[in-house]
Amino acid sequence: MNAVVIPTYNEAKNASALVKRIHSEVPGIVIIVVDDNSPDNTGEIVRRLGIPQLHVLVRKDARGYGTAVRDGMLKALELGAEVIATMDSDFSHDPAALASVIDGTARADVAIGSRYVNGVRILNWPMKRLLLSIFANVYVRTILGLPAHDCTSGFRAYRAELLKAMNLKTIRSNGYSFLVEMLWRARNRRARLKEVPIIFEERREGKSKMGGAVIRESIFMPWKLRLARR
Ligand SMILES: Nc1nc2c(ncn2[C@@H]2O[C@H](COP(=O)(O)OP(=O)(O)OP(=O)(O)O)[C@@H](O)[C@H]2O)c(=O)[nH]1
Ligand SMILES: [Mg+2]
């Protein structure tokens, strides 16, 4: 059995539509939505869809992309999933590509849905945003020597054995640097990595959650990880 973990914060419109699409697109997959008690009631609205194999975790005292994904992964492991995928709830990650990202783990421990193999595959992003993302990737690759073109993509699939070996409870990142920390830990365990080309699209509805604290963490975390290793 495979699972997909979807973190949500104020994504009521996007998340309901996405969960329905995944349910029809990837039959049999367990869908785990982790909502941080969104003021727009995302968690409850998704739960009311009443879709089979759907689990909605609503976290009342915690917030953050990284710990939300981590908690969803722990739930997936508890349910006995063999491959655990992660994706955003805002349609930037196409549900039609989920199966191919999962298939990427056939000969790898981590598959990354990558925006930066064979050129740049991003639709409708402002130039500033694109340059920031490219810079962020060069930054973490230079500091940590990670062997992927897209180290900050949240569209991924992991083999359960790798996640079990990674000691998820001790992850230090709460924002998007969670993605970098996961790759760093995977590489330090000599995990096999594969990049699957995807097309990334600007979010459909709603607002970005990228803020100052998340950006600060992304600047400092690669150095913390590198220094901690010595
Ligand atoms: N549970 C939870 N989910 C979050 C949190 N912050 C972001 N997310 C979700 O994580 C995914 C990625 O966040 P986005 O806000 O789309 O980040 P982004 O793609 O860099 O920014 P946009 O360009 O605005 O889409 C989305 O599904 C969000 O709803 C959070 O604090 N808690
Ligand atoms: Mg987004």
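**Close-up views of a predicted model**

**View 1. Strands S1 and S4.** Strand S1 and strand S4 (residues 83–86) run parallel and are joined by four bridges. Strands here are DSSP runs of E with at least two residues, and helices are runs of H or I with at least four, numbered from the N terminus; two strands pair if DSSP finds at least two bridges between them. Valine 5 stands opposite threonine 86 of S4, and valine 4 has alanine 85 as its bridge partner in S4. The model is predicted: local features need pLDDT of at least 70 and side-chain atom pairs pLDDT 80 or more, while totals for chains, interfaces and linings use all residues. Residues are numbered from 1 along each chain as its sequence is written, with chains lettered from A and ligands numbered from 1 in the order in which they are written.

**View 2. Strands S1 and S2.** Six bridges pair S1 with S2 in the parallel sense. One of the partners is aspartate 35 in S2, which bridges to threonine 8.

**View 3. The open sheet.** Seven strands lie in the order S3-S2-S1-S4-S7-S5-S8, with mixed pairing. Strand S3 (54–58) and strand S8 (193–197) are at the edges with a single partner strand each, so one side of each has no neighbour in the sheet.

**View 4. The setting of S1.** Six of the seven residues of S1 are buried (20 or more other C-beta atoms, placed from the backbone, within 10 Å of a residue's own), so S1 is largely enclosed by the rest of the structure.

Methods:
A residue is buried if 20 or more other C-beta atoms lie within 10 Å of its own, exposed if 12 or fewer, and partly exposed in between; C-beta atoms are placed from the backbone.
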